[in-house]
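Here is a quick briefing for anyone opening this structure for the first time. Have a look at the sequence and the model, then read on for the main points.

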Amino acid sequence: MRRKQKRLLQAVGLALAALVFLPNVGLWSLYRERQLEGGGAAGGEGAAAAAGLPGAAAGEAPVSYARQKKDPYFGDGQRIKDWHNKEAIRRDSERVGNGEQGKPYPMTDAERVDQAYRENGFNIFVSDKISLNRSLPDIRHPNCKNKLYLEKLPNTSVIIPFHNEGWSSLLRTVHSVLNRSPPELIAEIVLVDDFSDRVHVILEVAIWCHLNGKTNVEHLKKRLEDYMAQFPNVRILRTKKREGLIRTRMLGASVAIGDVITFLDSHCEANVNWLPPLLDRIARNRKTIVCPMIDVIDHDHFGYETQAGDAMRGAFDWEMYYKRIPIPPELQKLDPSDPFESPVMAGGLFAVDRKWFWELGGYDAGLEIWGGEQYEISFKVWMCGGRMEDIPCSRVGHIYRKYVPYKVPTGVSLARNLKRVAEVWMDEYAEYIYQRRPEYRHLSAGDVAAQKELRNNLNCKSFKWFMNEVAWDLPKFYPPVEPPAAAWGEARDSATNLLFQIRNVGTGLCVDTKHGALGSPLRLENCVKDRGEAAWNNVQVFTFSWREDIRPGDPQHTKKFCFDAISHSSPVTLYDCHGMKGNQLWRYRKDKTLFHPVSSSCMDCSESDRKIFMNSCNPSSPTQQWIFEHTNSTVLEKFNRNLDL
């Protein structure tokens, strides 16, 4: 009897518990649901209704973003979802034609003429023949395809400054943003015209006008306004005089209405699902500046590919050249598609919370035209309480120009911009720049009092803190104080110039770069007798640096070009120094040969045609023996240790 009573009491207790708790669980879930539905950032359904999303091109059906099914909660109680537009991705995958899938355009000789590059620094003939909405390869890490982001994301104003930009490259930038962005996340696209004054016409129109003796006066004025009128959320601002990239961006940011400001260049192509990964990081921490991975659109044939090394941290050397360095093991994630910290941005492409941007003072308005602004905003955000990340799952292609096609106004100096950044933000570390660029030391940076007051008001940390806590891995690649070089002086072929003499019994030949453009083979020339300015003009002075590469210049003034070889029989060329060893790694051996470990060959030369090339090592061959004027045996021994060299 007692057992039956006990079981009965247990059953009643369970029933009462169910009556008490289950309704509350349901009510709590309903409450949370309604809170999330009613809250969130502006720009949801209202922004979608006003988006005015275009089709793939004039006459093509518009891209539509179907409402996605809701996904589970994230750990902090916020809903997450898959933002991919799978139907648009499928349609893109089926596109064929010139440049589709990011493939190189098959160029003819007629399309390689200088005229094609003259106005834009890239081949506008080819650009005009590729669809404004071409498809791109999805080159993200595979994990990106399965990532979920917050369902409630802030919207953004996309700011695109331009000056005399090519018609098709500008429009392709706009179309790629509209076609590959969820419309509710695009508050607006703001095109800011920095006093463009060049006539822009499509290639076929230009040819017709030329052949028929007509003059075409279409500008990026009325024609652009008429074209963009079909997109309600695209607007155009114009400066009244040439302001430069920095102040033009500031003008666009000053009128932005989005929660986030996203800056792009005017010759970009946004790739699949590029925007949600950026906005997600800002939604989680509004003081985070985020940068997409910047892919390369070739300036000749418009092929689309990753940068060499792909995911790397932004950095700088002590002449303030932008560099990229590997992610150190300490910062590598288990999932390589996850965001990672970067000390310095490349400059042109990033997103930032609009209010945070203005709390930081925006850009320094004292910076002229372009240059140095990426350092200023990077140092500022890190030192003043924010952070900066690169986002591997967000990718945007960018055309790196063959050359800058416009003139910088008289009196404008990149050096002045760099000096200004150094004086405001770099504290005692500015001295390392002045040691390498002594001309900066007495250059006027203008009035920086307001910028220093801003830094003080924001309670920003020191640059030493930045170097110790953020860019702690930078000195490994670019030390403030250069370690001693292994060898330097005129590099002479010992077959014709023994010991350290310039004169010799025979013909005295030296490595010389005076006729060589970047990428062209090195040659032998008569050794310059004057070791002063003449030797520098002929670039016969080289340094075997602590990086184990060989560069023109003496140890205190090396250039940014390195001896480079790609095989055991290739010519030796000058190429941009990358600091990653590989093709630019050399060993100066006791037998005076210059050994190239990657190709297992030695640097050789031909006296008859004065060529320098790689060849199978033969230490007894005088043409493979080279002498530097000065050597540091301690450093050389360190380089060659345990290598039996």
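## Disulfides and the overall picture

Let's start with a bond: the link between Cys144 and Cys393 is left-handed, with -85° about its S-S bond. This pair connects distant parts of the chain, 249 residues apart. Keep in mind that you're looking at a predicted model, and that it holds four disulfides in all.

**The Cys144–Cys393 link**

- The sulfur atoms of Cys144 and Cys393 sit 2.0 Å apart, forming a disulfide.
- On one side, Cys144 is in the loop between helix H5 (124–128) and strand E2 (149–150); on the other, Cys393 belongs to strand E14, which covers residues 387–399.
- Are the two ends buried or exposed? Cys144 has a relative accessible area of 1%, so it is buried, and Cys393 also counts as buried, at 1% relative accessibility.

**The Cys562–Cys577 link**

- Cys562 and Cys577 make another disulfide, and their sulfur atoms are 2.0 Å apart.
- The link of Cys562 and Cys577 is right-handed, with 105° about the S-S bond.
- Which parts does this pair tie together? Cys562 lies in strand E21 (residues 561–564), while Cys577 is in the loop between strand E22 (573–576) and strand E23 (587–588), so the bond joins parts that are 15 residues apart in sequence.
- Cys562 counts as buried because its relative accessibility is 0%, under the 20% cut-off.
- Cys577 comes out at 11% relative accessibility, which also counts as buried.

**The Cys602–Cys617 link**

- Cys602 is joined to Cys617 by a disulfide, with an S to S distance of 2.1 Å.
- Why is this disulfide called right-handed? The torsion about the S-S bond of Cys602 and Cys617 is about 95°, so the link gets that label.
- Cys602 sits in strand E25 (residues 601–606) and Cys617 in the loop between strand E26 (611–615) and strand E27 (626–627), so the parts tied together are 15 residues apart in sequence.
- The two ends get separate labels here: Cys602 is buried at 0% relative accessibility, whereas Cys617 counts as partly exposed at 31%.

- Cys268 is buried, with a relative accessible area of 2%.
- Cys605 is buried too, and its relative accessible area is 5%.

**The whole protein**

- How many helices and strands are there? The protein has 19 helices and 28 strands.
- The protein has 645 residues, and 51% of them count as buried.
- Take the contacts with a separation of 6 or more: 73% of them are between residues 24 or more positions apart.

- The average pLDDT of the protein is 80, and 75% of the residues score at least 70.
- Residues 17–71 have a pLDDT below 50; in the model, this stretch has 88 contacts beyond near neighbours in sequence.
- Residues 490–507 are also below 50 in pLDDT, and that stretch has 62 contacts beyond near neighbours in sequence.

Notes. Residues are numbered from 1 along each chain as its sequence is written. This is a predicted model: local features need pLDDT of at least 70, side-chain atom pairs count only at pLDDT 80 or more; totals for chains, interfaces and linings use all residues. Side-chain values use heavy atoms; hydrogens and water are left out. Helices (H or I, at least four residues) and strands (E, at least two) are DSSP runs, numbered from the N terminus. Buried means under 20% relative accessible area, exposed over 50%, partly exposed in between (1.4 Å probe, protein chains only). Contact means heavy atoms within 4.5 Å. A disulfide is a pair of cysteine sulfur atoms within 2.5 Å. pLDDT is the predictor's confidence in each residue, from 0 to 100.
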